[in-house]
Amino acid sequence: MNPARARHPRHVERLVLVAGSASLLDSAAIISVGSALPLWRSQLRLDDVEVGVVSATMTIAIALGALAGGWLADRLGRRRVFTTTVALYAVGAALVALAGSRTGLVAGVAVLGLGSGADLPASIALVAGRVPARLRGRMVAATHVMWTVGIVLASAAAFAVSPFGLPGMRAVFGALALGALATLAARRRAVPPDLDPDLGPDPGAAAGPRTGAGEVAAAPVARGDVRVLVAVALFYLLYTLVANTFGSFRTYLLVTVGDASQAGATAISFGMTLVGLVGTVAFSAIADSRWRRTVYPFAAVALVCSQAMLSLTVGQSLSATVAALVLYALAYPYVGEGLYKVWAQESVSPAARATFQGATIAGARAAAALFALVTPSLLADDPAVLFWLLTVIAAAAVLVGRRSPERPSAGPAARSTRGVPTP
C-alpha cells in the first residue's frame, strides 16, 4: 500500500471499521463484566471485597496491557501488536465464559483485560497514522463511536439474556470471543503490512519520526508541549475515575442501591447508552472543528451536575437517579474519553502516539482499579459520600481540560511556540 492508497476513502473506511472493532470489543468487555457482577456475586457467592477484586483485576490488567501495548506498537509495528492483542482478547473472553470458580474468574478477566488494554493504543495510533491529517480528529472520534456501539451492544446483550441468569452472560462472553476472531480475519485486507504514512514501513518507530499527510515532523515531546501533555494525561486520569465507576458499577448500583431488578437495571443501562451513542456520533462530526471547544463548557457543567444530583438522590428515588444518569449520558460524549483520544493524537508526534496513549491509559486505569476496590463498600455503606467525591473529581477534570489542545489538527511543532493554549 502506498500513501495515496492510504488516503482513498474506501480504504480509510475499512481501516476505521476494523481498527475501531478493537474499541468496540474493549468497551463491550468492560460493560459485560460490570453487568455480570451481580450474577457472579450470587452464583459464585462473592462478598463485597471479592466483587471489588474482580472489577479491580480487570482494570489493572487493562492498565498493564495499555502500557505494554502502546510501547510495543511504536517499536514493533502497530499492525503486528494489534493482531497479537486481539487474539489475546479472544482467549480471555473464552476463559471468562467458561469460568466456574472465583480463581478461574479472576484469571479470565485478567487475560481479557490485558488484551483489551493492549489493543486500544495500537489500534487508535494505527488509524491516526494512516489517514489524512484533515480527517484525523474525525476518524479517531469514529473509533470512539464504535467504542460506544460496543457499550450499546453489550448492554442490549445483557438485557436480552437477563432471564437466563449466569448461563446467559456466559453466552455473551462467548460471543465476544467470536467477535475478536472475526476481527482478526478481517484485518488482513483492511490493514496490509506495509507503509505507514507517519512512520514508514513496519516496525513502527524504528525509522524515527516522519511527516504524515499534512503534518510537520516533531520531536516526541516538544518543549512547549510538556504542560499540554500533562494536562491531557491528568484530565483523562480524573475523568476515568468517574467513567469507570459508571461503566463497571452502574448495573450494580441500580440493583443493590436502587432496588431495581436485574432486568430493569440492564434496561435502564441500555437506554443510557443509546443517549450516549447519539452524542458520540454528534461529537465525531465536530471533532475537527472549533465547535468542540464551544460545546465543552456546557458539557462540563452537565457532567458535574450529574454527579451532584446522584449524591443528593441515590438510594432515595430511583427516578431521580435515572434522571442523573441521563444527564451524565448527555454530557460525556463532549467532555470524556472521545475528546481525550483526539487530544492524545494531536499532542504528541507520530512516532510516540501509541506510547503516550498507552501510558496515559495505564495510569488512569491503575487509579481506577484502586478506586474500584473500595467502590462496592462505599455503595453499601454510604453511596452519597461516593458521589460527592465523584462530583469533586469531575469538577477537577473539566477544569484541567481547559488547559488541553485548543486548535484541532495543530501539530506539536506548531503549538510548541505558543506555550499552553487557553480556551
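Predicted model: local features only at pLDDT ≥ 70, side-chain atom pairs only at ≥ 80, totals over all residues.

Two packed helices are described by the angle between their axes and the distance between the axes. For H6, which spans residues 136-161, and H12, which spans residues 337-346, the angle is about 145° and the axes lie 9 Å apart. The handedness of the H6 and H12 crossing is right-handed.

A second topic is the surface. Val49, Val53, Leu370, Leu373 and Val374 make a nonpolar surface patch of about 410 Å². Two elements each give two or more residues to this patch, namely helix H3 (48-76) and helix H13 (353-381). The most is given by H13, which supplies three residues. Val53, one of the patch residues, is found in helix H3. Its relative accessible area is 33%, so Val53 is classed as partly exposed, a class that lies between the limits of 20% and 50%.

Is Ala329 buried or exposed? Ala329 has a relative accessibility of 1% and therefore counts as buried, the cut-off being under 20%. This residue belongs to helix H11, which covers residues 318-331. Beyond its neighbours within four places in sequence, Ala329 is in contact with Met272, Val275 and Gly276. Ala329 and Leu274 are separated by 55 residues in sequence, while their C-alpha atoms are 8.6 Å apart in space.

The two residues discussed individually are set out below.

The remaining values concern the chain as a whole. Its secondary structure comprises 15 helices and two strands. The chain has 423 residues, and 61% of them count as buried. Among contacts in the chain with a separation of 6 or more, 83% are between residues 24 or more positions apart. The accessible surface of the chain comes to about 15,000 Å², and carbon and sulfur atoms account for 68% of that area.

Key
Residues numbered from 1 in each chain as written. Heavy atoms only, no water. Helix = DSSP H or I, 4+ residues; strand = E, 2+ residues; numbered from the N terminus. Buried < 20%, exposed > 50% of the residue type's maximum accessible area, 1.4 Å probe, protein only. Contact = heavy atoms within 4.5 Å. Patch = residues over 30% accessible without salt bridge, like charges linked within 9 Å, V, L, I, M, F, W, Y side chains within 5 Å. Areas by Shrake-Rupley, 256 points an atom, 1.4 Å probe, with all protein chains shown as cover. Salt bridge = Lys/Arg side-chain N within 4 Å of Asp/Glu carboxyl O. Axes fitted to C-alpha atoms, helices over the stretch in contact; angles between N-to-C directions. Left-handed = near helix turned anticlockwise from the far one by under 90°.
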